[in-house]
Amino acid sequence: RIVPVLLSGGAGSRLWPLSRETYPKQLLSLLGENTLLQQTALRVDDRSLFDEPMVIANAEHRFAIGEQLRAVGIDRPTIVLEPFGRNTAPAVAIAALLASENDPDAVILAMPVDHWVRDHAAFRAAISMGVTAARYGRFVLFGVRPLSAATGFGYIRMGDELEAASPIRNVASFVEKPDLVTVERLLACDEHVWNSGIFLLPARQFIDELAHRAPDVLAACRKALTGATRDLDFLRLDERAFEACPSISMDYAIMEKTDNAVAVPATFDWSDVGSWSALWSMAEKDQSGNVVIGDAVMEDTSGCYVRGDGQLVAALGVEDLVIATSPDVVLVTSRKRDQDVGKLVERLKANG
Ligand code: GDD
Ligand code: MG
C-alpha cells in the first residue's frame with residue numbers, strides 16, 4: 001500500500017486575511033463543508049490502495065489537525081510536527097525516512113493540502129497508473145494541461161514514452177516557477193504541462209537522490225528524527241537539528257535536477273486553491289458573476305468575490321474586486337492583482 005503524506009506547513013498568504021499563520025487556509029472550509037485538509041485526507045481513504053495518512057505540519061496547528069482528521073474517521077494518523085517551516089524538500093525527506101523505517105520498499109504519495117480535486121475515482125486511477133513506475137524506482141509527477149501562462153507553477157517538459165503506447169512519459173526537463181517570458185516560450189511548444197505538486201516516490205530511491213542532490217537536507221532531517229520526541233500522539237522533530245536544515249522546495253532541490261522523473265497525465269480535474277481569484281472561479285456565482293459569502297448588499301456590481309465575516313458588505317458600481325473582511329482587517333483588491341496579496345502581507349509584517 002501507498003503511504004499518503006499530507007504536506008500541511010504553508011500559511012497560504014495570498015488568501016489573507018482569511019488565511020493566517022495561526023489558522024492557515026488548509027484548516028478552513030473554503031469549498032464545501034469539509035476543510036481542505038479533510039478533503040485531501042478523504043481523497044486517499046481507500047484502504048485497499050492507501051495506508052492511514054502521515055501529516056507533516058507546523059507544531060502550532062497540531063490540535064486542529066488531530067481533531068479535523070478524527071472528524072472524518074481517521075483515528076490513527078501519524079502527525080509529525082515541525083517547529084518551523086523549512087519548505088517541502090525537508091518535509092518530504094522526513095516522510096520518506098519514516099516510511100522506509102517501517103518498510104524498506106515503501107512508496108509515498110506526497111500531497112499538497114491546498115488543492116481541489118472533484119473526482120476522487122479519477123484521482124485514484126491516476127495514482128494507480130503511476131505506482132508501477134514508482135515501484136521500479138522512478139519519481140512520478142502528475143502533469144496538468146496548462147490553462148494560462150501562470151508563473152506560480154512548475155513546468156514539466158514531457159519526453160519520450162516510458163514504454164510503447166504508454167501515457168506515462170519520461171520528464172525531459174523541469175523548470176520551477178519560470179518568469180513570464182520563459183512561460184510564454186515554453187507554452188509555444190505543447191510538450192509542456194504544469195506540475196501538479198503531487199509526488200509519488202519510492203522512499204529508498206528518493207533518499208538516495210537526496211544524498212546525492214541535497215545531502216545537507218538529508219543529514220539535518222536524519223538528525224531531527226533521531227532527536228525527535230513523542231508528545232501525546234505527535235512526533236516532534238528535534239528543533240536544533242531541524243533549524244540547521246536548509247529551506248528549499250522539492251522542485252528546486254530535486255525535480256529540476258533529477259533525471260529519474262516520469263510524468264503521468266493528471267486525468268483528474270485539479271485546481272490550486274491558492275488565491276482569491278482561484279476561489280472565485282471555482283465557486284458558484286450569481287447572475288452578475290459575483291460570489292457572495294455572508295451578508296452583502298450589491299448594486300451595479302459584477303465579477304466580485306465578496307466575503308463578509310460577520311459584517312455586512314455594501315458595494316456599489318464596482319467590478320472584478322475582491323472584498324474580504326475579517327474582525328481586524330478589510331482587504332480590497334482587484335481580482336487581477338490578487339497574486340500579489342502575499343507581497344502585501346510581507347510588507348505588513350515588515351512594518352510590524
Ligand atoms: N510540512 C510542510 N512544511 N509543508 C509545507 C511547507 C513546510 O515548510 N511549505 C509548504 N508546505 C506545503 C503547503 O502547505 C502546500 O500544501 C504544499 O506544501 C506545497 O507548497 P506551496 O508553497 O503551496 O508550493 P507552491 O504552490 O508554491 O508550488 C508547488 O505546487 C505547485 C502546484 O500547486 C510546486 O510543486 C510547483 O511546481 C507546483 O506547480
Ligand atoms: Mg501551492
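Trainee: How far is a polar side-chain atom of Lys177 from an oxygen atom of ligand 1?
Mentor: The distance is 2.7 Å. Keep in mind that this is a predicted model.
Trainee: Which residues come nearest to ligand 1?
Mentor: There are 25 residues around ligand 1. Glu176, Lys177, Asn195, Asp251 and Asp272 come nearest.
Trainee: Take Glu176. How far is an N or O atom in its side chain from an oxygen atom of ligand 1?
Mentor: That pair is 2.6 Å apart.
Trainee: And what is the distance for the side chain of Asp114?
Mentor: An N or O atom in the Asp114 side chain sits 3.2 Å from an oxygen atom of ligand 1.
Trainee: New topic. Where does Glu52 lie?
Mentor: Glu52 is in a loop. That loop runs between helix H1, residues 36-43, and strand S2, residues 54-58.
Trainee: Which side chain does the Glu52 side chain join in a polar contact?
Mentor: The side chain of Arg47, at 3.5 Å. The Glu52 side chain also reaches a backbone atom, the nitrogen of Arg76, at 2.9 Å.
Trainee: What is Glu52 in contact with, leaving aside neighbours within four places in sequence?
Mentor: Pro4, Arg47, Ile74, Asp75, Arg76 and Pro77.
Trainee: On to helices. What describes a packed pair?
Mentor: The angle between the axes and the distance between them.
Trainee: At what angle do H1 and H4 pack?
Mentor: About 55°, with the axes of H1 and H4 (residues 120-135) 10 Å apart. That angle makes H1 oblique to H4.
Trainee: Which residues make the contact?
Mentor: H1 supplies Gln39, Leu42 and Arg43. H4 supplies His120, Phe123 and Arg124. By class, the contact of H1 with H4 has two nonpolar, two polar and two charged residues.
Trainee: Now H3 and H7. How do their axes cross?
Mentor: At roughly 55°, and they come within 9 Å. H3 covers residues 88-102 and H7 covers 215-226. H3 is therefore oblique to H7.
Trainee: Is the crossing left-handed or right-handed?
Mentor: H3 passes H7 in a right-handed crossing.
Trainee: Which residues of each helix make that contact?
Mentor: From H3, Ala89, Pro90, Ala93, Ile94, Leu97 and Leu98. From H7, Val217, Leu218, Cys221, Arg222 and Leu225.
Trainee: How many of the residues between H3 and H7 are nonpolar, polar and charged?
Mentor: Ten are nonpolar, none is polar and one is charged.

Terms used. Residues numbered from 1 in each chain as written. Chains lettered and ligands numbered in written order. Predicted model: local features only at pLDDT ≥ 70, side-chain atom pairs only at ≥ 80, totals over all residues. Heavy atoms only, no water. Axes fitted to C-alpha atoms, helices over the stretch in contact; angles between N-to-C directions. Helix = DSSP H or I, 4+ residues; strand = E, 2+ residues; numbered from the N terminus. Parallel < 35°, antiparallel > 145°, perpendicular 65-115°, else oblique. Left-handed = near helix turned anticlockwise from the far one by under 90°. Contact = heavy atoms within 4.5 Å. Nonpolar A, V, L, I, M, F, W, Y, C, P; charged D, E, K, R; others polar. Near = heavy atom within 4 Å. Polar contact = N/O pair within 3.5 Å; in protein donor to acceptor, adjacent residues only side chain to side chain.
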